[in-house]
Amino acid sequence: MLATTPPADLGVPTSHWSLDDLAFQILQDAHYQDMSRSTVQRILAGADLQPHRSRYWLKSHDPDFEAKALNVCGLYLQALALYRQDELVVSVDEKTGIQALERLHPTLPTRPGQIERREFEYVRHGTRCLIGSLIVPTGQILGSVTERRGTWDFVRHVRDVVVQFPHIKRFHWVMDNLNTHWTLELCRYLAVDSGSWTKGQERYLRTGKERRAFLTTGCGRHVVHFTPKHGSWLNQIEIWFGVLSRRVLRRGEFTSPEDLTRKILAYIAHYNTHFAHPYEWTYTGKPGASGDRRRRKRFRFRRRQLIDMRSP
């Protein structure tokens, strides 16, 4: 199909197709009649093709990518059933280097015929790190804002999540391969909480490979499920980090790191009260799953939730 063929292969010196390029190329081809831009657009829409769009992606070289992806996706799909059996799936990660930016001059608010205008220059007041956990079956967010991304900061956050759910018999932690996610301190805490830590056990946990193996198999009440390397997009908390960026950080004004911390925690409380919901995970670990249905159902869920809230 023309739209899926790189323009350079047909002698067109552009990086991607536009509607005008496609219409002109069709006109140049003796096998086809002239076609308008609107007709080209309808054909592309019908075939779900968007040659004008592009996004970054990162190829994973993990030899066990499929097995790890299937494991994580299977957890998401079974999260509600597991929750009914007192097993909790938790997606956890850090959002580092969040800047407390204050505009040099006040933002001009929106008004009829004019959008909001933000000052280009800003003052930096420092950074903070957010360690966030998404409770997969409910959509609840638990967050810890810290000065840095340290070993004990992550362990304390995991502990704070655990104490929120004393009735849970087993925790399934979904996390990526960041070095703070397989430290000796984390191994010790999870094993001690499970009652499976033995004296001298640290002698067998000297390497990262040994610790990761221990976290995935040897912590009793806790099981860590690592995403594939370069596969952190499989971690559901990343979806919510995008929500936080759009709703709070991108256009926010922060006069200090403390102000940034307060506003992040206030949004988490607001989100949990009014908007928290489980994501409908449609990707099964195999190619070909579309996210359109998920987005439509999520929108309907939010709309129905707002209607219910407003009903007398």
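Helices, defined as DSSP runs of H or I with at least four residues, are numbered from the N terminus. The model shown in these views is predicted.

**View A. Asp48, a non-glycine residue with positive phi.** Asp48 lies in the loop between α2 (37-46) and α3 (65-84). Its phi is about 55°, a positive value, although the residue is not a glycine. Most residues other than glycine have a negative phi. With a relative accessible area of 54%, Asp48 is exposed.

**View B. His230, also with positive phi.** The loop between β5 (222-226) and α7 holds His230. His230 is not a glycine, yet has a positive phi of about 60°. The relative accessible area of His230 is 44%, so the residue is partly exposed.

**View C. Packing of α4 on α5.** Helix α4 (residues 151-163) and helix α5 (residues 184-194) cross at roughly 20°, and their axes come within 9 Å. The two helices α4 and α5 are therefore roughly parallel to each other. Their crossing is right-handed. On the α4 side the contact involves Thr151, Trp152, Phe154, Val155, Val158, Arg159 and Val162, which meet Glu185, Leu186, Tyr189, Leu190 and Asp193 in α5. Sorted by class, the contact of α4 with α5 has 8 nonpolar, 1 polar and 3 charged residues.

**View D. Packing of α5 on α6.** The axes of α5 and helix α6 (residues 208-217) come within 10 Å, with a crossing angle of roughly 25°. This angle makes α5 roughly parallel to α6. The crossing of α5 and α6 is left-handed. From α5, Leu184, Leu186, Cys187, Leu190 and Ala191 meet Arg211, Phe214 and Leu215 of α6. The residues of this contact comprise 7 nonpolar, no polar and 1 charged.

**View E. Packing of α7 on α8.** Helix α7 (residues 237-249) and helix α8 (residues 257-274) pack with their axes 11 Å apart, at an angle of about 115°. The crossing of α7 and α8 is right-handed. In α7 the contact residues are Trp240, Val243, Leu244, Arg247, Val248 and Leu249, and in α8 they are Leu260, Ile264, Tyr267, Ile268 and Tyr271. By class, the contact of α7 with α8 has 10 nonpolar, no polar and 1 charged residues.

**View F. The aromatic pair Phe65 and Trp233.** The whole structure has 7 aromatic pairs. In the pair of Phe65 and Trp233, the ring centres are 6.4 Å apart and the planes stand at 35°, so the pair is tilted. This pair joins distant parts of the chain, with Phe65 in helix α3 and Trp233 in the loop between β5 and α7, 168 residues apart. Phe65 has 22% relative accessibility and counts as partly exposed. Trp233 counts as partly exposed at 45% relative accessibility.

View G. Tyr267 is buried, with a relative accessible area of 12%. Tyr271 is buried at 2% relative accessibility. Ring pairs link Tyr267 and Tyr271 with Trp240 and Phe241 into a cluster. Among these residues, Trp240, Tyr267 and Tyr271 also take part in the contact of α7 with α8.

Terms used: Residues numbered from 1 in each chain as written. Predicted model: local features only at pLDDT ≥ 70, side-chain atom pairs only at ≥ 80, totals over all residues. Heavy atoms only, no water. Axes fitted to C-alpha atoms, helices over the stretch in contact; angles between N-to-C directions. Left-handed = near helix turned anticlockwise from the far one by under 90°. Contact = heavy atoms within 4.5 Å. Nonpolar A, V, L, I, M, F, W, Y, C, P; charged D, E, K, R; others polar. Buried < 20%, exposed > 50% of the residue type's maximum accessible area, 1.4 Å probe, protein only. Parallel < 35°, antiparallel > 145°, perpendicular 65-115°, else oblique. Phe/Tyr/Trp six-rings, centres within 6.5 Å; stacked < 30°, edge-to-face > 60°.
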